[in-house]
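Have a look at the sequence and the fold first.

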Amino acid sequence: MGKARPSVIDLAFANPFLLPLVKSWEASLPSTGSDHVPITITLSAPSLNHKPPRPRWADTDWETLDPIVKGFKVPAAPSCPGPRQLDEWISESLNRLVSLLKEHTPVSRPSHHSKPWWTPHLTVLRREYHKAARAARKHDTPHMREIAGTSKVGYFKAIKAAKNKHWFSFLLAATPQSLWTATRFAYGRAQPCFPSLPGAETPQQMNNVLLDHFFPPKEPFSPPPRLRPYKSAPPLTTEEIAAALSKCSPTSAPGPDGIPYSTRKQVNKINPSILLKILAPLVLLGYHPTSLKGSNGVVLDKPGKPSYDSPSSFRISVLIRTVSKVLERIIAARLLAAARLRGLLHPNQCGSLPGLSTYDACLTLTNDVRTLQRPRLKVSSLFLDIKAGFDNVDNKTLARILREGGIPPYLVSWVSSFLGERSCTLVFQGAPGTPAPVNVGAPQGSPISPLLFLLYVAPLHFGIPWGLIISYVDDFALTVASLSYRGNIRKLQSLFDKL
């Protein structure tokens, strides 16, 4: 400590994020003989929030887990429970299962410097290289320098060979679904743009500005005080769960619990009764628990924007728990069948529906345009996009549409419960990581949200004399025909006002 000397920090380019670290400052030092006055500043050490180690789900010890999962018992669900009581039961059941899985899953090193291509052989070579380098510095002889140089060349050649081997093995195992991953590895990932929003000087203020923009507050949903089973609800089956899991990609990013689809599929393969006993009461009661509504909202910048000083230059990718998305797929399949049976979806609605794609929308549009042109009419189309369509789905309005359309009551009740009392934790650089209540729209990233949006906008497909309305999710095309283009403009303006 006697040899310690003071250090110099130039704060000419300090930013607001340094301010919380400044404990005190004073100009008590003697003059330096120039126009600069030295200032004594006391800084507090920043708290380092290291990311916790993540489980390596690909290396889960299923051989040991197999008999344990087979004997796993889900506690009996409460009969006629209140929402809070059911939430506690769901949380307890899922937490027991997650804890069991994590006990038999190794964790990765909590460092972003971890290298997937590293091998035990490289560890040995690195140890020998450092040993030879230390010996060469201690005994500076030509022989020792030659040994250190040879060890260094062999070590770095082995690193290059390990990287190439890992890359080629990745390409050999690549699938069409991993094409973009390979491209990102080859060309590198673009540096994400950090939000720089006016009036937001701290991470908490930035978090609040983004939440207010993407999730403006609305009237909160009030669940019933007591939940009762619906007699019209068909019981959930293991076949429905297996069908929902088969449509889930194992590479999809998991939600707040971090459990991927591959782990859910393996658990269901070993013991199908676990998910059945957990999800069956939710279908029967027409209720989606609050414990499954939490999500992570990853803030992503839209490429090609001239500036990033507005929330509209970003988008939110919502990551939901995989067990919740399994239930959402099951409800979506049942709701789609009921909606088609009762004619709640318009024939000209395409996208997010099985068997209807952009090809069908383009084919329908070109066919109708050519049909209208045959009697020598002038045809014009107006293309529209519903801004923030999913975020503007109103819970009460959608429930009324479903109820009046003859949808079974348990599905209407589940949809209302699913859209209400949600929460989201925004994820961006320096984010505070605090969950915030969200009472707006249908969450993007949910398997059922596109179907709910299609049912919500289906009434916009009204009939047009000498024309038609086609939509692909939130993109609409209004097509009209008349004897002149001027007449078409007046018709399209009138239709736009009606919409």
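Asp 257, Arg 264 and Arg 321 are joined in a network of salt bridges (a salt bridge is a side-chain nitrogen of Lys or Arg within 4 Å of a carboxyl oxygen of Asp or Glu). This is a predicted model, in which local features need pLDDT of at least 70 and side-chain atom pairs pLDDT 80 or more, while totals for chains, interfaces and linings use all residues. Residues are numbered from 1 along each chain as its sequence is written, and side-chain values use heavy atoms, leaving out hydrogens and water.

Side chains of opposite charge can pair when their charged atoms come close. In the bridge between Asp 257 and Arg 321, the closest N and O atoms are 3.4 Å apart. This pair links distant parts of the chain, 64 residues apart: Asp 257 sits in the loop between α7 and α8 (261-270), and Arg 321 in the loop between β4 (314-320) and α10. Helices (H or I, at least four residues) and strands (E, at least two) are DSSP runs, numbered from the N terminus. Both Asp 257 and Arg 321 are buried (buried means under 20% relative accessible area, exposed over 50%, partly exposed in between, with a 1.4 Å probe and protein chains only).

The structure holds seven salt bridges. Another of them joins Arg 334 and Glu 240 (2.8 Å, N to O). Arg 334 lies in helix α10 and Glu 240 in helix α7 (residues 238-246), so this pair ties together parts 94 residues apart in sequence. Arg 334 counts as buried because its relative accessibility is 12%, whereas Glu 240, at 23%, is partly exposed.
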